[in-house]
Amino acid sequence: MATELPTTDIRISTEAIRRRKGGTPIVCLTAYTYPIARLLDDHVDLLLVGDSVAMVLHGHKTTLGASLEMMIAHGQAVMRGSARACVVVDMPAGTYEDSAAQAVASARRMIDETGCQAVKLEGGVDMARQIAAIVAAGIPVMGHIGLLPQSVEKDGGYKIKGRTEKAVATLVRDALAVEGAGAFSVVIEGTIETVAADITRRIAIPTIGIGASGDCDGQILVIDDMVGLTVDRVPKFVKEYADLRSVVSHAAERYAAEVRSRTFPGPGHVFSATKRGDDA
Ligand code: KIV
């Protein structure tokens, strides 16, 4: 059960995450809503309001369905539901790629309107200028390299990275560029295992793996995948720790049967005129 939210600000800082390099693995999950943030806050170090929200909660085909407004609304909900975890919000496609000025303006809006600790954006060498500019503006940045969901249409699908020597060299260059630009950590997604492990040894900031390597400094999964609530394709790298699809569908089945048989609502779920006062 979710515990009461502490009233004091004891959030894990991005600096504390950076210092965890090589230490106890950093536990990260995505969160998009207030109740899920309440439930996860005690258990994780970092909550990512990922642009996967566009697919997971809004039913878009790709993360390109996310907008700045959508990310801000979900960022606010997750901030209201958490008090301890470091909260990072994704910059959606189309809000940072054009220029450093565009990236800083979008990141500033994200921080000002949600109160989150940091932003995340996808890209390596090609986005180093944007990362450096946001960091120079005083906003911590989490990088994201490897399989980039915002580029799946351009890439022709979800393709694992690092299968050739050239692809490995590109990944290493990207990791070094993100580190050099001042990011406090970097997500490595969908790569050959040994490449992610090698990058983790080569850079001084924590790597957060998803479909990457157990040697990364931390791991992240999409919350709906982790609890078995995903109704579409579940990626190979996901481990389902619960089966909420069955829980929800069995609950709906029982509810429907009870409504149809007039078993629900029963005497305990209606208000009788004999009681005094508000007994809601
Ligand atoms: O949007 C997202 O959920 C992500 C994670 C998969 C890392 O970027």
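This is a predicted model: local features need pLDDT of at least 70, side-chain atom pairs count only at pLDDT 80 or more; totals for chains, interfaces and linings use all residues.
Me: At which residues does UniProt place the feature "binding site"?
Reply: Residues are numbered from 1 along each chain as its sequence is written, and side-chain values use heavy atoms, with hydrogens and water left out. UniProt positions follow the numbering used here, with shortened feature names, and annotations may be inferred rather than shown by experiment. The unreviewed UniProt entry places "binding site" at D51, D90 and E122.

Me: Is D90 buried or exposed?
Reply: D90 sits in strand β3 (residues 86–90), strands being DSSP runs of E with at least two residues, and helices runs of H or I with at least four, numbered from the N terminus. Its relative accessible area is 2%. Buried means under 20%, exposed over 50% and partly exposed in between (1.4 Å probe, protein chains only), so D90 is buried.

Me: And E122, in its loop: what is its relative accessibility?
Reply: E122 lies between β4 (118–120) and α6 (128–136). It counts as buried, at a relative accessibility of 5%.

Me: Which residues does E122 touch, not counting those up to four places away in sequence?
Reply: Contact means heavy atoms within 4.5 Å. E122 touches D51, Y96, M127, H144, L148, P149, Q150 and S151.
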